[in-house]
Amino acid sequence: NKAFNYYLKQAELYWKDRSLMLQAMQAIALNRLSNSSLAAEKIIASLKEHAIIDEQKGMYWKANAGGYRWNESSIETQAYLMDAFAAVGEYKELIEEMKLWLLHQKRIQHWGTNKSTAKACYALLMQEKEVLVEKESAIIKVGSEKLDERTLDKREFIKRLKISGLI
């Protein structure tokens, strides 16, 4: 317990010297483990201060350029930053901006590794706001009859298609 508290105190004091990914991880850990989330809030405030918000690219960090080591992926770093903002406070608008950057990166290049792709997908889908929500359901007509796929059993639906000669 004494060693744990020592390292927790070290995380509270020396987070400025860490990479963006580690700052995000420390904010999450300090928010969950520390008696006061003041240090986590300081990290998030610093991250917000250093962020760039672009109308087309969303919210990102210039320092998040990626690298050659396993822990220097810009995609994973962005996902961890999203996790940190979600864990520490109510930053839904900023998280939506960060999602935009992730999607923009997917549009212009690949996400790099399977691990980065999985982390990015998790980050995109973990928030309350649904990214991939259908706005309206499909309208299905068999002849002149309109079918509602939400109330119709799949077997019944296929049976009606066969009867009408569409299958």
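Helix 2 passes helix 4 in a left-handed crossing. The model is a predicted one. The axes of helix 2 and helix 4 (residues 74-88) come within 8 Å and cross at roughly 25°. Angles under 35 degrees count as roughly parallel, so helix 2 is roughly parallel to helix 4. On the helix 2 side, the residues that meet helix 4 are Leu20, Met21, Ala24, Met25, Ala27, Ile28 and Asn31. Helix 4 answers with Glu76, Thr77, Tyr80, Leu81, Asp83, Ala84, Ala87 and Val88.

**Helix 2 against helix 3**

Helix 2 has another packing partner. Helix 2 (residues 20-33) packs on helix 3 (residues 38-50) at an angle of about 150°, and their axes are 8 Å apart. The cut-off for roughly antiparallel is over 145 degrees; helix 2 and helix 3 are therefore roughly antiparallel to each other. The crossing of helix 2 and helix 3 is left-handed. Helix 2 brings Leu20, Gln23, Gln26, Ala27, Leu30 and Asn31 to this contact. From helix 3 come Ala39, Ala40, Ile43, Ile44 and Leu47.

**Gln26**

Gln26 is part of helix 2. Is Gln26 buried or exposed? Its relative accessibility is 13%, and buried means under 20%, so Gln26 counts as buried. Leaving out residues up to four places away in sequence, Gln26 touches Ala11, Trp15, Arg18 and Ile43.

**Aromatic rings**

How many aromatic pairs does a search of the whole structure find? The search finds 3. In one of them, the rings of Tyr6 and Tyr7 have centres 5.0 Å apart and planes at 80°, so this pair is edge-to-face. Tyr6 is partly exposed, at 45% relative accessibility. Tyr7 is exposed, with a relative accessible area of 58%. Another pair joins Phe85 and Tyr91: the ring centres lie 5.4 Å apart and the planes stand at 80°, so the pair is edge-to-face. Phe85 is buried, at 0% relative accessible area. Ring pairs also link Trp61, Phe85 and Tyr91 into a cluster.

**Charges over rings**

Two lysines sit over aromatic rings, as tabulated here.

| Lysine | Ring | Distance from ring centre |
|---|---|---|
| Lys106 | Trp111 | 5.1 Å |
| Lys119 | Tyr80 | 4.2 Å |

In the case of Lys106, the charged end sits over the ring of Trp111. Lys119 lies over the face of Tyr80.

**The chain as a whole**

The secondary structure of the protein chain comes to 7 helices and 4 strands. What pattern does the protein chain follow along the sequence? The order is α-α-α-β-β-α-α-α-β-β-α. The protein chain has 167 residues, and 34% of them count as buried. Gln26 and Phe85 are among the buried residues. Consider contacts in the protein chain between residues at least 6 apart in sequence: 54% of these join residues at least 24 apart.

Terms used
Residues are numbered from 1 along each chain as its sequence is written. This is a predicted model: local features need pLDDT of at least 70, side-chain atom pairs count only at pLDDT 80 or more; totals for chains, interfaces and linings use all residues. Side-chain values use heavy atoms; hydrogens and water are left out. Rings of Phe, Tyr and Trp (its six-membered ring) pair if their centres lie within 6.5 Å; planes under 30 degrees apart count as stacked, over 60 as edge-to-face and the rest as tilted. Buried means under 20% relative accessible area, exposed over 50%, partly exposed in between (1.4 Å probe, protein chains only). A charge sits over a ring if NZ of Lys or CZ of Arg is within 6 Å of the ring centre and within 35 degrees of the ring normal. Axes are lines fitted to C-alpha atoms, for helices over the stretch in contact, and angles run from 0 to 180 degrees between N-to-C directions. Helices (H or I, at least four residues) and strands (E, at least two) are DSSP runs, numbered from the N terminus. Angles under 35 degrees count as roughly parallel, over 145 as roughly antiparallel, 65 to 115 as roughly perpendicular and the rest as oblique. A crossing is left-handed if the near helix is turned anticlockwise from the far one by less than a right angle, and right-handed if clockwise. Contact means heavy atoms within 4.5 Å.
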